[in-house]
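Reader: I am new to this structure and would like to know what lies behind the terms used for it. Please show it to me, and then I will ask.

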Amino acid sequence: CRNGTLRFQVKGGVFGNARITVLAFDDGEDTYGQRVSPAQVFTISVNSVPQQPSFDTLTSVVTYENAGEVTVAHFATSISTGSDSDKTQTLYFAGSVGKPWMYASEPVLDQLGTLKFTPATNANGEDTLVVYAVNTAGVRSVNRTYNLTVQSVNSQPTFDQDQGMDLTEDDGCVTRTEWAFSISPGPQLSTDGTNCFTGTYDSAKYGCNEKDQRMSFNVFQQSGEHDYVQNATIDANGTLTLCLRDGFVCDADKCDTVWGVELVDDGG
């Protein structure tokens, strides 16, 4: 410009030094080669500044109750420290979870974009998480949000039992209440992090699929005398009923038999 003002535009993501040579021209005749001024040289220095890192992520992750440690490779992709021209920059990932009770080990994202986490024992539900990157210059990326779902599974039912029974040949049918006790369809946390069995829950809403299951006992003879027991059952409340066969006589001082008992739920 005629008034001596210098204008220029720096290319994005580029820094360094540029040596500039300037010549002035007038509009007169070049009689003695004086139309052009002597050259003036100066340097423009563009200093580097930390750029915002960036990356992409999956929008959702799905796993199952009691799955143990979960690893999701390539969860984060297109990872950039912010400036391709500054090779000294590195970054790390940080973030937050919405439902901390869902995790035995909260999600961690490493520099390669691999996500790792461990669901809490017996927990299920859905969570919304936030993750962001920070480079070594302290510049933070925009937040990325993703959903993490831990789907409920049918847990193994459990119970405790009384000791064996001593009977005589003339006992007929014998009943033992609470022979099986502490009967449970399997442990489970609701989707708000509390025990499904300590409150009143809408099973579908809170993920308490274990709570409404129906259970039954199977009784089967494993070894010993197979003739003297006519029938053996255990009801859903744990009451054992065992009927001796009419007219059976034990040929020894003691006739022993071993029975197996299993608890089965309806898989709901």
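Author: Tyr-64 stands opposite Gln-151 in strand 11. The model is a predicted one.

Reader: What makes strand 4 and strand 11 a pair?

Author: Two strands pair if at least two bridges are found between them. Strand 4 and strand 11 are joined by 5 bridges, so they pair, and they run parallel.

Reader: Why is Leu-129 called buried?

Author: The cut-off for buried is under 20% relative accessible area. Leu-129 has 1% relative accessibility, so it counts as buried. Its place is in strand 10. Of the 268 residues of the chain, 29% count as buried.

Reader: What is Leu-129 in contact with, beyond its neighbours within four places in sequence?

Author: Its contacts there include Ser-96, Val-97, Tyr-103 and Pro-107. Arg-144, Thr-145, Tyr-146 and Leu-148 are also in contact with Leu-129. Contact here requires heavy atoms within 4.5 Å. As for Asn-143, 14 residues from Leu-129 along the chain, the C-alpha atoms of the two are separated by 9.9 Å.

Reader: Which members of the largest nonpolar core touch the most other members?

Author: They are Phe-75, Phe-93, Leu-115 and Leu-148, in a core of 19 residues. Strands that each supply at least two residues of this core include strand 5 (70-72), strand 7 (91-96) and strand 10 (125-135).

Reader: What does Phe-93 touch, not counting residues up to four places away in sequence?

Author: Phe-93 touches Phe-55, Ala-76, Ile-79, Leu-109, Asp-110, Gln-111, Val-131, Tyr-132 and Ala-133.

Reader: What makes Leu-6, Phe-8 and Val-10 a patch?

Author: A nonpolar patch takes residues with over 30% relative accessible area and no salt bridge, their side chains joined within 5 Å. Leu-6, Phe-8 and Val-10 form such a patch on the surface, with about 300 Å² of accessible area together. Phe-8 is found in the segment before strand 1 (16-22).

Reader: How many helices and strands does the chain have?

Author: The secondary structure comes to 1 helix and 18 strands.

Terms used
Residues are numbered from 1 along each chain as its sequence is written. This is a predicted model: local features need pLDDT of at least 70, side-chain atom pairs count only at pLDDT 80 or more; totals for chains, interfaces and linings use all residues. Side-chain values use heavy atoms; hydrogens and water are left out. A nonpolar core is a set of buried Ala, Val, Leu, Ile, Met, Phe, Trp, Tyr and Cys residues joined through side-chain atoms within 4.5 Å. Buried means under 20% relative accessible area, exposed over 50%, partly exposed in between (1.4 Å probe, protein chains only). Helices (H or I, at least four residues) and strands (E, at least two) are DSSP runs, numbered from the N terminus. Patches are made of residues with over 30% relative accessible area and no salt bridge: like charges are joined within 9 Å, nonpolar side chains (Val, Leu, Ile, Met, Phe, Trp, Tyr) within 5 Å. Accessible areas come from the Shrake-Rupley method with a 1.4 Å probe; for residues, only the protein chains shown count as cover. A salt bridge is a side-chain nitrogen of Lys or Arg within 4 Å of a carboxyl oxygen of Asp or Glu.
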